[in-house]
Number of protein chains: 2
Amino acid sequence: MSALAMAIFFRGMSPEELAVLTDAMMRSGAQLDTASVPAPKIDKHSTGGIGDKVSLPLAPLVASCGVAVPMISGRGLGITGGTLDKLESIPGYRTQLSTGEFLDVLQKCGCSIIGQTAELAPADKKLYALRDVTGTVPSIPLISASIMSKKLAEGLDGLVLDVKWGKGAFMKTRKQARELAQTMMEIGRRMGKRMAALITDMNQPLGRTVGNALEIVETVETLQGRGPKDLLKITLELAWHMLRLAGRAADRKAALKLLRQQIRSGAALEKFREMVRLHGGSLDAIDNVSSLSTARLRAEHKAARSGYVAEVDAEVLGKACIVLGAGRRQVTDRIDHAVGLSAIIKVGEKVESGQPLAVLHANDQTRLDEAGAILKDGFAIADEPPAPRRLIAETISED
Amino acid sequence: MSALAMAIFFRGMSPEELAVLTDAMMRSGAQLDTASVPAPKIDKHSTGGIGDKVSLPLAPLVASCGVAVPMISGRGLGITGGTLDKLESIPGYRTQLSTGEFLDVLQKCGCSIIGQTAELAPADKKLYALRDVTGTVPSIPLISASIMSKKLAEGLDGLVLDVKWGKGAFMKTRKQARELAQTMMEIGRRMGKRMAALITDMNQPLGRTVGNALEIVETVETLQGRGPKDLLKITLELAWHMLRLAGRAADRKAALKLLRQQIRSGAALEKFREMVRLHGGSLDAIDNVSSLSTARLRAEHKAARSGYVAEVDAEVLGKACIVLGAGRRQVTDRIDHAVGLSAIIKVGEKVESGQPLAVLHANDQTRLDEAGAILKDGFAIADEPPAPRRLIAETISED
């Protein structure tokens, strides 16, 4: 398998070969039988980024429209955060459910977010361990087979991909991101799934928070209709494609109207509360989110000059968060759910000298100081406003 | 190591990388300390072919000129014969000597031909096993490191390569053969060894016999001065380069004169007898070679038409010999030393319809019939004489 991984690394795979590999990996373990859930099953996969908490508002929002979202998520590693770590900052939330429990939650509330189980696509974990020691992790076909074998074992009808590009993403260019998206879509299509993909900007963090509990706070705010614009925009756009693949949306305009209505009415937030409750999580934490953000030390990172924010470097902010303790350098590292960054300024915004660019949350003065020093490289301020950027760079869909 | 082999297979190695790999493989086990042998130590390596018994007359011929030849040889696999198998058709000849015994024979008679020992370059055997199952055997850098790590562990001063190209060789084109030769020479040079290489034709078998005992017969005939022209020519040319690398030859003309003299005087044959005797082999078998060729059944393969021999396909003749039992399909196969082909016609010779093109030696009628059927594809006869071929296509040397 090591030799095969290396051969694929250098030579790539034909679409047919890749579909066969993915299928074999998917069949290496159990496949989720979702027949007991009558609604169409659509999931979303993001290739990960800094402040990417989209799954958290998205799953309940889509579920509130009658589409089932059986979502198996990952943990954070390196600068990229993980949905499971964020959910575990809600006291009591269980990310490890049995298959029976998972299906039960899915039937009751239409969405469930859990961690990878040993039963689904176990070949992926073994192959990943070999790729890790042979330098074959950064291979688009191997990444695609890894993601798709796990996702397709969930018993889905369709899958929407959020493939991120930029400083805070695994894919550093839009071209690479597009290639990864197209490769995964081709696998999905060959395996009879409806597919769509967005290529989105991950040069600056998504939303205004990076951290675990801090991102839960922002999730709840988003479901309350007062979240940051960029997070809401990506969430709505992914949700529309999920409804479309489920056959539950006539057109984009009607879908967006419905989705906004589900937020305004509180239906989406109520769905999130229901999912948290069914996972054993504390509703007090959701209903009073300020209780989640409990780091002992806070400090403002201030602008050294006035001007327009030209750059907020997602990678640098991600590194600062690791120093604060919000992320892992190694899989075995423990994380501190309370720490991170909030009130992060966005590219294009105007600032005065001395105005805060972000707020640091820490539980250790040394780490706070170190993260503050790192952040000095995280922001660029210019005299002129920067050229506008496209948050959603491309949409790839079949119809 | 599997992943590394695959990476090398697809990407090759820089000369420096390859020298480092070869050095590491060489140092994975013991290295022969030949300091007790005062003569310069020069070996020859052939990449193998059909009827390639050159080592057998060459080692004693060169040793008779005062150059030590510490030769570690291999067994046959597939259509290619092995020097050890040929030697073992001499009753009593021991190919597995201890290091002490090997040095003792080398001191006493100046040449010794033994089998690979577990002590020298053990990494090669392990890496080869991985290459075998990962499809990375046909890689010029990996082949070169394998050969050179074993050869350089012999404690040599210099090495002459006989890199064969054509139907009966591992390298099917002259270009590939040249690349392999140059790659091995570069490794040797970087490790401080004097190197030379011949690129030689292996489209038709070398000499007029293919088999084990049959090739010993031809070896003795060659050392008696009545061997086939092509075998003698390659042997003399390789011997001259070995003398040259040892600093024992002023020029080619003088060297060839000396070498022919060593054959004419019987000195080379006497050296062969001495080596066989020191290895425990029967001198009766050498002095009365007809006793070696004892297959029960013989049959002539006859020309279907008159004309000039345009092609004698080494690969086809090699396959016929495997069917007769002279070679191995798998490493575990036992071989029959008596069987094979003799009196093989050479390209360019004129034949009449019904004249024998080769004599088959077999111990089983079914195998004899099957080999005879295979041989039908082994010869081409044309009206016109074929264009002359160059037996020694190229010589690569440093000076």
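1. At the interface, 7 residues of chain B are in contact (heavy atoms within 4.5 Å) with 7 residues of chain A. This is a predicted model, where local features need pLDDT of at least 70 and side-chain atom pairs count only at pLDDT 80 or more, while totals for chains, interfaces and linings use all residues. Residues are numbered from 1 along each chain as its sequence is written, chains are lettered from A in the order in which they are written, and side-chain values use heavy atoms, without hydrogens and water.

2. About 610 Å² is buried between chain B and chain A, with 93% coming from carbon and sulfur atoms. Buried area here is the accessible area (1.4 Å probe) that two parts lose on being put together, summed over both. Of the area that chain B buries against chain A, 67% is supplied by A3(B), M6(B) and F10(B), more than any other three residues.

3. How many salt bridges cross the interface of chain B and chain A? The rule, a side-chain nitrogen of Lys or Arg within 4 Å of a carboxyl oxygen of Asp or Glu, finds 0 there. Over all chains, the count comes to 54.

4. Within chain A, E349(A) forms a salt bridge with R208(A), their closest N and O atoms being 2.4 Å apart. E349(A) lies in the loop between β9 (340-342) and β10 (350-351), and R208(A) in the loop between β5 (194-201) and β6 (210-211), so the pair ties together parts 141 residues apart in sequence. Strands are DSSP runs (E, at least two residues), numbered from the N terminus.

Note on methods
Helix = DSSP H or I, 4+ residues; strand = E, 2+ residues; numbered from the N terminus.
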